Amino acid sequence: METDLNSQDRKDLDKFIKFFALKTVQVIVQARLGEKICTRSSSSPTGSDWFNLAIKDIPEVTHEAKKALAGQLPAVGRSMCVEISLKTSEGDSMELEIWCLEMNEKCDKEIKVSYTVYNRLSLLLKSLLAITRVTPAYRLSRKQGHEYVILYRIYFGEVQLNGLGEGFQTVRVGTVGTPVGTITLSCAYRINLAFMSTRQFERTPPIMGIIIDHFVDRPYPSSSPMHPCNYRATGEDPGVAYPSVEDSQEVCTTSFSTSPPSQPAALGVGSADLAYPVVFAAGLNATHPHQLMVPGKEGGVPLAPSQPAHGAQADQERLATYTPSDGAHCAATPSSSEDTETVSNSSEGRASPRDVLETAFVRKVGAFVNKPINQVALTSLDIPFAMFAPKDLELEDTDPMVNPPDSPDPESPLQRSLHSDGSSGGSSGNTHDDFVMIDFKPAFSKDDILPMDLGTFYREFQNPPQLSSLSIDIGAQSMAEDLDSLPEKLAVHEKNVREFDAFVETLQ
Amino acid sequence: MNCRSEVLEVTVEGRQVEEAMLAVLHTVLLHRSTGKFHYKKEGTYSIGTVGTQDVDCDFIDFTYVRVSSDELDRALRKVVGEFKEGLGNSGGDGLGQMSEFYQKKKSRWPFSDECIPWEVWTVKVHVVALATEQERQICREKVGERLCEKVTNVVEVMNRHEYLPKMPTQSEVDNVFDTGLRDVQPYLYKISFQITDALGTSVTTTMRRLIKDTLAL
């Protein structure tokens, strides 16, 4: 949003933003060189260090950044992005980070351009120096070598985060308000770095996770849009020594004033060699890069997936495909989510306390599942304890477990006699019981021979009929009647004496 | 103006104390240091250049950035060394009230200058003892991750752009900045620490380490 910014302030602001963008790219790319960076403090202003920070300029990086900017500046809807990716010797690659320099419409009209904005941009660069060392890609870049290389790509326009895969995280480095908008610097970085080479499917699987073809060429097609940096062998001077400034374009003076500020000028651009390969081995753990699988010999890349990352949404295997024109993307199997509400999980789900109390009165598909009755289906044989579940599930009123039906008339004396009022093991016909009767299904009680199982047998025979001699009707007869009927009984027995004698003789 | 206060907590093994404290201190001082001021004619000054340096920790999987100033590094290492020694003797946790940034307010004689803090960073250090090498290896990684978070926290606070002392005139620069170093110029700061034993009681009184300035009355 334009304000009544005077022309000089506007010029200064544009210059600050431009060189801030260039310095941002330098800091990011240099942090991924794979070596420790060291620059010297200078008590005397040299006039060549923008933002009072000693940040060397790698000419190739400056060239690429200027090419991407193409004379434009980051503005609303036009962001400058630095994409950091990784490429293996096999040609597989994946995006690791996207650093974004954006601007939004929120303006700070009161801020002083040549003093406050400049100092805050300097502070933001310091923050960038610190943050570039704490993202996961830093430790990867420090370990780069023959197995993998780190690449960078600068583009201008809309931020593209698709290549970072699922679950990427973002960190905001900082913001600086200006009269034309608020500058925001942030980083989106991949969490899960495990992936598997697509080429594994094209040849025999590696033995012991090591490819037996380590004599491979370096994977740098000239048409790649990514820019590698040359790899420097370890053991060299960790402090990067760049040649002195040769190519001076703009020089920045560092004169300030406690009264209305003076005008800083442009910056001299240094030059240095830049090149580093990055070779990546499969099975990296984002949070534990040192758990990288042993790369084996030079050029060999293990393809067996690593153990999952800790605390991240990591999968054991990811499929990475990369085409230079399309950019890298990874497809990952989503992590399984919890599902405690499905019927199939009924035996493993959890019951709320209320449901536990209502178990006796509410029909459940299986144990510990809280489902409305009309949503329960019992036809599945996979449902635990399904055989205990009654077939009628429509209403609670018709639920036999809630309102057991009256016992039907027994078809046989045995069946009638076996019904007991107080039996805890059988289904009771007593509708007035306070107990909830369940079908008695003893374990291992299935009997293929008899039409009844053990439970049925038990129910039928547990209450045998009373002996007729003990029935109350016989006892009700009087003694006198017994005595009167005695002679008749004796006369009958006398008639049958011979039969009785013959019987006794057979017993002897 | 209220002094803003930030608290960071870290749990480390004994041999990681120094590096963890230095990582936090240097990250804070990186943001609170400028180049040397060179005053010219009235009202104008130029600022020197601040260099930076990556430092790999030996006992932590972590790398931090510090200002390229050996003097500043030595000063911090000295204080942190004393802190670590105190922790080692007590066997307890430590509370380091590190990096208290202040500015001086001149007072008339015979009163000494008043130190008005405007930002205080407190680092609470919990020391654990590990028995096996595997535990130490895990601790290396975990502490590295925690320090990454702490650096992110520091950066977030620094970029809130809250109160900072105004840029002083030449006569008052010593009230705002520590001009005693040759190559860089941090804001005036002092470091103090307190050590508690396992019971949580203060074993030693607070030791104040003044880099520059006299103690307030």
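A salt bridge is taken here as a side-chain nitrogen of Lys or Arg within 4 Å of a carboxyl oxygen of Asp or Glu. The structure is a predicted model, in which local features need pLDDT of at least 70 and side-chain atom pairs count only at pLDDT 80 or more, whereas totals for chains, interfaces and linings use all residues. Residues are numbered from 1 along each chain as its sequence is written, chains are lettered from A and ligands numbered from 1 in the order in which they are written, and side-chain values use heavy atoms, with hydrogens and water left out.

B:Asp54 forms a salt bridge with A:Arg133, with 2.9 Å between the closest N and O atoms. On the side of chain B that touches chain A, the largest share, 8 residues, comes from α3(B) (helices, H or I, of at least four residues and strands, E, of at least two are DSSP runs, numbered from the N terminus).

The contact (heavy atoms within 4.5 Å) takes 42 residues from chain B and 45 residues from chain A. The two chains bury about 3,700 Å² between them, 52% of it on carbon and sulfur atoms, where buried area is the accessible area (1.4 Å probe) that two parts lose on being put together, summed over both. B:Thr49, B:Asp54 and B:His161 supply 18% of the area that chain B buries against chain A, more than any other three residues.

Over all chains, the count comes to 22 salt bridges. The side chains of A:Asp57 and A:Lys23 meet in one of them, at 3.1 Å from N to O; because A:Asp57 lies in the loop between α1 (7–31) and α2 (59–69) of chain A and A:Lys23 in helix α1, the pair ties together parts that are 34 residues apart in sequence. Both A:Asp57 and A:Lys23 are buried (under 20% relative accessible area, with exposed over 50% and partly exposed in between; 1.4 Å probe, protein chains only). A:Glu97 forms a salt bridge with A:Arg32, the closest N and O atoms being 2.8 Å apart, and since A:Glu97 lies in strand β2 (residues 93–104) of chain A and A:Arg32 in the loop between α1 and α2 of chain A, parts 65 residues apart in sequence are tied together.
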